[in-house]
Amino acid sequence: MKTILHIAKYYFPYNGGIEAVTRQLTEGLTDYSNVVICFSGDRETAEELINGVKVYRIGVQAKVLSQSIAVKYGRMLRHVINMYHPDLVHLHAPNPFVYPLVLRALPKQTMLVLHWHSDILAKGVFYKMILPWENRILHRADLVLATSPVYMEHSPQLMKVQNKVRVLPNGIIADELNPHKGDDKRIANIHKHYSGKTLVLFVGRHIPYKGIEHLIRAERYMKQNVQILIAGTGPETEYYRKLAIGRERITFLGRLSVNDIRCYYRAAEIFAFPSINKAEAFGVALAEAMYCEAVPVTFTIPGSGVNWVTLNGQTGLEVPLADDVAFAKAIDKLVADKQLREQMARAAKERVEELFTDSVVLQTARAIYNELI
């Protein structure tokens, strides 16, 4: 059996977009032996077996500009490569700390796939230090995976290596989102709790590029009878709570379980996705909501795959970037026009079923791996 070594920042049970994609590939492609090396959530280095996947977590000594620094990483990477002799290394980017370590440790004959989840948007002194290593890892890669054709065509870095870029969209785990026993009752209770209001849902980390403050500010312009539900947590949560003080139509749900998220997706008629820059390269939560037939409202984000995942006027509505009034009007339009909303909900689910379910994405990934090794 061929062996694939995945290099990611973190791994399950850590929750994040890149971590979800890494787990989906490692657990889904069972015709390969999958190994993961990543950072630990603390200073301890550990090994564990998770659902058949061997995971090496490297203890972190410090963080610089959100980048983990691990003294033992280089030695452990060489150790893992020498132990497993992987046929292919799948490096999830951005992860700039490990670029020079991978370049030093990787044997010349070992294939390297660079999974380009997003550009590094910061362009200060730190990025100038990273850029030479980023260029070298792009040059060394045998194949580069972009999460959407839009990102492939607009990323300044991917433009340099267009001849070896392929598209592998992120996938949603359909089984986790399909109706489970007891969901009907839970969904009915959610509707009952909010007295029959039209539910507008946000799901995601509370960080600046997610644009949550635009959703909160847009609420004051909404004329329809809505309730805005904001799920998730993050470093900006308290700021957003203060911004929403006195807004009775805004409720913070906190961190939700997989079962809760599924029911809220299905209870909501509209999914608010107010991300504001291409740090939001794809939008897994967006695809999940579409699969559950919550119609999305998004901003136009130049260079992002968001406006490829959902299509304006077909699967949802798209408005000018950071235009709070337009965002509110789009939500009002969907609330008022049930026929339009139901039409878009069906189209949204069909698009995800065609392109973004785990089974479809894994089939594409398997074909790419088989071509390389």
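This is a predicted model: local features need pLDDT of at least 70, side-chain atom pairs count only at pLDDT 80 or more; totals for chains, interfaces and linings use all residues.
Biologist: Which strands are the edge strands of the open sheet?

Modeller: Eight strands form the sheet, with mixed pairing, in the order β3-β4-β2-β1-β7-β8-β9-β10. An edge strand pairs on one side only. The edge strands are therefore those at the two ends of this order, namely β3 (46–50) and β10 (165–167).

Biologist: In β9, which residue is the bridge partner of Val113?

Modeller: Strand β8 covers residues 111–116, and strand β9 covers residues 143–146. The two pair in the parallel sense over four bridges. In β9, the partner of Val113 is Leu143.

Biologist: What angle does the direction of helix α2 make with that of β2?

Modeller: Helix α2 (residues 73–84) packs on the sheet, where it touches β1 (3–7), β2 (33–39) and β4 (53–58). For α2 and β2 the angle is about 175°.

Biologist: At what angle to β8 does helix α4 run?

Modeller: Helix α4 comprises residues 125–140. It lies across β7 (88–93), β8 and β9. Its angle to β8 is about 125°.

Biologist: Why are the buried residues of α7 on the same side of the helix?

Modeller: In α7 (residues 183–193), the buried residues are Asp183, Ile187 and Ile190. On the other side, Asp184, Lys185, Lys192 and His193 are exposed. The buried residues pack against β11 (198–203) and α10 (258–267). They lie on the same side of α7 because they cover an arc around the axis of only 55°.

Terms used: Residues are numbered from 1 along each chain as its sequence is written. Side-chain values use heavy atoms; hydrogens and water are left out. Contact means heavy atoms within 4.5 Å. Axes are lines fitted to C-alpha atoms, for helices over the stretch in contact, and angles run from 0 to 180 degrees between N-to-C directions. Buried means under 20% relative accessible area, exposed over 50%, partly exposed in between (1.4 Å probe, protein chains only). The arc is that of the directions from the helix axis to the C-beta atoms.
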